[in-house]
Amino acid sequence: MESHARVVVIGGGVVGCSILFHLARGGWKDVVLLERSELTSVSSWHAAGMFHTISADPNLSALQHYTIELYNELEELSGQSIGLHTTGQVYLASTPDRLDYLKRERSKARYTNLPQEFITLQEAAELNPLIDPKKYLGALFDPVDGHIDPSGVTHAYAKAARKFGATIHRNTPVLETNARTDGQWEVVTPSGTIVAERVVNAAGLWAREVGHLAGIELPVQPMEHHYLITEEIPEIAAHGKEICGGVDYEANIYFRQEHNGLLLGTYESSGTPWMVGGTPQDFGHELLPNDLDRVADRLELAFDRMPALERAGIKTIINGPFTFGPDGSPLVGPVPGLRNYWAAVGVMAGFCQGGGVGKVVAEWMIDGEPSMDVWAMDIARFGEFATREYGTIKSTENYERRFLMTFPNEELPAMRRQKTTAIYDRLLQRGAVMGVSFGLENALWFADSPEEAVEEPTYRRSNAFGHVAREVKAVREGVGALEIANYSKHDFRGPGAAEFLDRVLAGRLPEEGRLTLAPMLTEKGKLYGDLTVACLADDRFYVFGSGAAQEMHRRWFEEHLPESGVTYRNRSDELHGMAISGPKSRQLLALLTRDDVSAGAFRFRDIRETTVAGVPVMIARISFSGELGYEIYCAPQFQLRLFDAIETAGADMGLILYGARTLMSLRLEKMWGVWTLDYRPDFTAAEAGLDRFIDFDKEFIGRDAALAERESGPARRLVTLVVDADGVDPIGDEAVMHDGECVGYATSGGYGHFVGESIAMAYVPAKLAKEDEAFDIEILGDMRKANVRLAPLYDADGKRMRS
């Protein structure tokens, strides 16, 4: 066995073999895969083998499409048959809400260049004669979907990887993974120890156990999953060609042809986690006991939708374990807090996503960054809140909801109150409707009473609409208060802190007592952060940003930290607080502090440490509302007193509590983007309009790429669109059309309550980013007129926030 490897991949399923193949094809020959038994010995061999492009995230859809397109090439490269059947797949809706969902999927397909199209129900029945078209309202057809031989695909990746120089060791379990002080890993097996520059955990059912060897808990959970194969069905045998596969969402079933019968699977309403305590080391090429009673209700629905099934006998029943993640998407990438340790786990749809996962992992290692934003499967979207129990409960919830509707304004119930703040109960008493971000409960909006604090899930305007309008009006005309515990706070100290931040941030560092906005870029000039940096002393800085991305940014900071001179700490959970916003916010603050907070004494973008309401705080004069405002940060044990004092002092001013939905409306009126939506690594600073915050006179990560783009100009630009929405607002992922051609897409949207306009933020070709340029935006299947606005719709010159 080798004594050294550039990369050791642990796990010989489809994901591990794909990663190995992509690394080797990318030019890294010194790469090794270790498989405890035989390739495809567990989940890969008993998978149904279906593949599709539809996904909740457009970039995941694109990666799934890449996986599918790779199959023909993979078969040719490896000489291994993969049993490719490109039959197409039909997605069936039998409720208006599900039809709306399919319309949104079709709109996403326009700008991701996927060939999905609506077909008539009669056409669907012609593609699959088992379907009763009278049961449905609509059908979306994707011609590139189909199915493959799972074992064949896995072996094809392995054979192709070997051709490019990779090595595979079968029957070689990993016993230990020990981190070395030089950042490398000792991977201990019965056959010897490999010193690996990087380790990838792609261990599938054993992902948790392999993670434990490195001292980490991965929040994934194997779930039992049934599918069955029928005896021959005459309608299939007589069809003359292979029928298309499909998904019936309301019946909660997926199906495809298997010989002259039908393979039919379902995700039961009461999922069964398998081996919660850990996967047995001796589990292998075997199945689990069948329990058709668990899926009987689904089968009854299937018989109703496809009557021929009632006459068909069952030939085979499969019940096998698959590993799921808390939100249904894979957990991929460098693990925050562990040098050179990577995960590629929770990839339950391995034959849809395996190729894409291998691609981005290889790009990430070889090029230093993936070619697209992979936030939807980045392991950094989970933090320490994602415990073993969290993984089991949320993964089970996701399994049970696999084909259920989850609306964009819907918050799921499992593992709520995992993280709360000191004022959580106060907010509930005030009628807060709570959401969750990075495990932390936060107020979305406030109902008139706790009894009314429920939001209707919908693609349209919900019962929150009027309440958010009230909150917006209060902030614009008076004063509002918002909890800001869910902002991230990164603490940098030491004699080298300024030099370090000057290199990793593209913007100019502020003077002591000041703060400024600073993009953070990758080497290729892509956005990796939209941050606010504050200087409290020449050796002490805070960086504020997206709470959801705090572990992603922590990972980036730690990867670039020098060996000495800088100490770094993610203090997001150590600093909670409140923001007060609106023209009366200065008057309110003056009642709470002995400091002089007049306009001249406490300027826009000042920051200081002081006391407010008698508690020690760090306060910044800045507000994402676009109004005069202050962000007040304190330790969690002081937050309740701070909240009570703000509420009491503001009572005579008409103070109103507001939530995240209101903040999103306020920022749309100001034409400000947000991280993970409008700002993310798919875009450059120039495209996003953030290049105005870049200091090109200094050296920083990504400078060469940013300078090159400054010379050539960006290919596209982020613009604000005012939309003739007719009561249905854009929310993001809508296709933007110009002269009948899809030229871009909306990254976010909503209603600007104070300006009275429906608003979308969208990336469009730079040549079309002109004032009043006319577009169409596709909202739930309808083309709505939209026009560009280059200046903020509210307070365009920013006088109010600077007042």
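Colleague: At what angle do helix α3 and helix α10 pack, and how is their arrangement to be described?
Modeller: In this predicted model, helix α3 (residues 58–78) and helix α10 (residues 350–367) have their axes 7 Å apart and pack at an angle of about 100°. Angles of 65 to 115 degrees count as roughly perpendicular. The arrangement of α3 and α10 is therefore roughly perpendicular.

Colleague: Into which classes do the residues of the contact of α3 with α10 divide?
Modeller: On the α3 side the contact is made by Leu-63, Gln-64, Tyr-66, Thr-67, Leu-70 and Tyr-71, which meet residues of α10 including Phe-351, Cys-352, Lys-359 and Val-360. Gly-354, Gly-355 and Gly-356 of α10 also take part, and Gly counts as polar. The residues of this contact divide into seven nonpolar, six polar and one charged.

Colleague: How many aromatic pairs does a search of the whole structure find, and is Phe-21 buried or exposed?
Modeller: The search of the whole structure finds 32 aromatic pairs. One of the ring pairs joins Phe-21 and Phe-164, whose centres are 6.1 Å apart and whose planes stand at 55°, so the pair is tilted. Phe-21 lies in helix α1 and Phe-164 in the loop between α6 and β8, so the pair ties together parts that are 143 residues apart in sequence. Phe-164, at 24% relative accessibility, counts as partly exposed, whereas Phe-21, at 0%, counts as buried.

Colleague: How many residues apart in sequence are the parts that Trp-185 and Tyr-341 tie together?
Modeller: The rings of Trp-185 and Tyr-341 have their centres 5.2 Å apart and their planes at 55°, so this pair is tilted. Both Trp-185 and Tyr-341 are buried. Because Trp-185 lies in strand β10 and Tyr-341 in strand β18, the parts that the pair ties together are separated in sequence by 156 residues.

Colleague: Over which ring does the charged end of Arg-710 sit?
Modeller: Arg-608 lies over the face of Phe-602, at 4.1 Å from the ring centre. For Arg-710, the charged end is 4.2 Å from the centre of the ring over which it sits, and that ring belongs to Phe-696.

Colleague: Which residues does Val-200 touch, not counting residues up to four places away in sequence?
Modeller: Val-200 lies in strand β11 (residues 192–201) and, at 0% relative accessibility, counts as buried. Its C-alpha atom is separated by 8.7 Å from that of Gly-11, which is 189 residues away along the chain. Leaving out residues up to four places away in sequence, Val-200 touches Val-7, Val-8, Val-9, Ile-10, Ile-19, Trp-342, Ala-344 and Met-365.

Terms used. Residues numbered from 1 in each chain as written. Predicted model: local features only at pLDDT ≥ 70, side-chain atom pairs only at ≥ 80, totals over all residues. Heavy atoms only, no water. Phe/Tyr/Trp six-rings, centres within 6.5 Å; stacked < 30°, edge-to-face > 60°. Helix = DSSP H or I, 4+ residues; strand = E, 2+ residues; numbered from the N terminus. Buried < 20%, exposed > 50% of the residue type's maximum accessible area, 1.4 Å probe, protein only. Lys NZ or Arg CZ within 6 Å of the ring centre and 35° of its normal. Axes fitted to C-alpha atoms, helices over the stretch in contact; angles between N-to-C directions. Parallel < 35°, antiparallel > 145°, perpendicular 65-115°, else oblique. Contact = heavy atoms within 4.5 Å.
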